[in-house]
Amino acid sequence: MKKIWFYIQLVLMFGIIACGNKPENKQTQQNAVQEVAPQSVTPTQKSIVFFGNSLTAGYGLEPAQAFPALIQQKIDSLHLPWQVVNAGVSGETTAGGLSRIDWILRQPLDIFVLELGGNDGLRGISLTDTEKNLQVIIDRVKAKYPNAIIVLAGMQLPPNLGQSYTHTFEGIYPKLAAKNHIVLIPFLLAGVGGNPALNQNDGIHPNAAGAKIVAVNVWKVLKNLL
């Protein structure tokens with residue numbers, strides 16, 4: 001029953017996220033990009049850029065409750081010289097991410113966490129296109145910052161688009177991680193999806209408690225890279 005609820009949540013979540021990716025939101029997205037100006041990182045710090053959709057942006061949460069902010073809190077508690085930059089935009093697809101990656105790469109970075117693809121899956125976008133867009137984003141990060149560490153956040157889809165599609169979609173992430181020799185978070189929402197107690201009143205996005213678990217999922221991978 002919990003698994004069924006999880007699939008329902010994913011359908012609704014990506015549906016709402018997808019609705020946010022409209023032309024009239026271009027200015028909103030531009031404002032979000034402007035918030036991650038290069039001067040936000042001091043010369044003595046290294047930077048981690050989280051590049052994704054509403055899960056990264058912290059939809060429905062206070063900025064300090066989004067999982068990238070929780071990662072920053074953990075880093076600060078350990079007195080590590082790292083600065084987190086949240087470059088998440090609600091409604092983002094891989095194509096949308098590709099269209100703004102060059103702007104984001106004006107921000108100096110040492111670790112790049114890529115969290116995109118869910119909206120593509122819900123819309124039934126060609127898996128070839130999704131994989132290609134993610135690959136080009138990875139390529140551009142490597143070209144601009146060849147010494148940066150790239151982390152790819154895995155995502156899963158509900159089965160309504162067919163077992164073949166959903167299985168192939170899920171496989172894109174480990175495939176790209178292996179191909180590019182980058183780090184993989186197997187499933188960003190592990191332990192959160194399907195649990196109403198860990199989601200907001202809309203039953204869609206992680207609440208503050210859920211975001212803490214997402215942060216733990218990320219930290220398990222990230223801590224070994226700092």
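The model is predicted, so local features need pLDDT of at least 70 and side-chain atom pairs count only at pLDDT 80 or more, while totals for chains, interfaces and linings use all residues. Residues are numbered from 1 along each chain as its sequence is written, and side-chain values use heavy atoms, with hydrogens and water left out. Five strands form an open sheet with parallel pairing, in the order 2-1-3-4-5.

**Sheet**

- The edges of the sheet are strand 2 (82-88) and strand 5 (183-185), each of which pairs on one side only.
- From one strand to the next, the twist averages 20°.
- Strand 3 (residues 111-115) pairs with strand 4 (residues 149-153) in the parallel sense over four bridges; two strands pair if DSSP finds at least two bridges between them.
- I150 in strand 4 is the bridge partner of F112.
- Helices (H or I, at least four residues) and strands (E, at least two) are DSSP runs, numbered from the N terminus.

**Helices on the sheet**

- Helix 5 (residues 94-104) packs on the sheet and touches strand 1 (46-52), strand 2 and strand 3, and its direction makes about 160° with that of strand 1.
- Helix 9 (residues 208-222) also packs on the sheet, touching strand 1, strand 3, strand 4 and strand 5, and its direction makes about 160° with that of strand 5.
- Contact means heavy atoms within 4.5 Å; axes are lines fitted to C-alpha atoms, for helices over the stretch in contact, and angles run from 0 to 180 degrees between N-to-C directions.

**Residue I182**

- I182 lies in the loop between helix 8 (163-180) and strand 5.
- I182 is buried, with a relative accessible area of 11% (buried means under 20%, exposed over 50%, partly exposed in between; 1.4 Å probe, protein chains only).
- Not counting residues up to four places away in sequence, I182 touches I138, K142, I150, L152, L176 and A177.
- I182 and V151 are 31 residues apart in sequence, yet 6.0 Å apart in space, C-alpha to C-alpha.

**Salt bridges**

- There are three salt bridges, each defined as a side-chain nitrogen of Lys or Arg within 4 Å of a carboxyl oxygen of Asp or Glu.
- E92 pairs with R100, the closest N and O atoms being 2.2 Å apart; E92 is buried at 0% relative accessible area, and R100 is buried at 6%.
- D102 and R140 meet at 3.3 Å, N to O, linking helix 5 to helix 7 (residues 127-144) across 38 residues.
- E131 pairs with K175, with the closest N and O atoms 3.2 Å apart; E131 is in helix 7 and K175 in helix 8, 44 residues apart.
- E131 is buried at 17%, whereas K175 is partly exposed at 47%.
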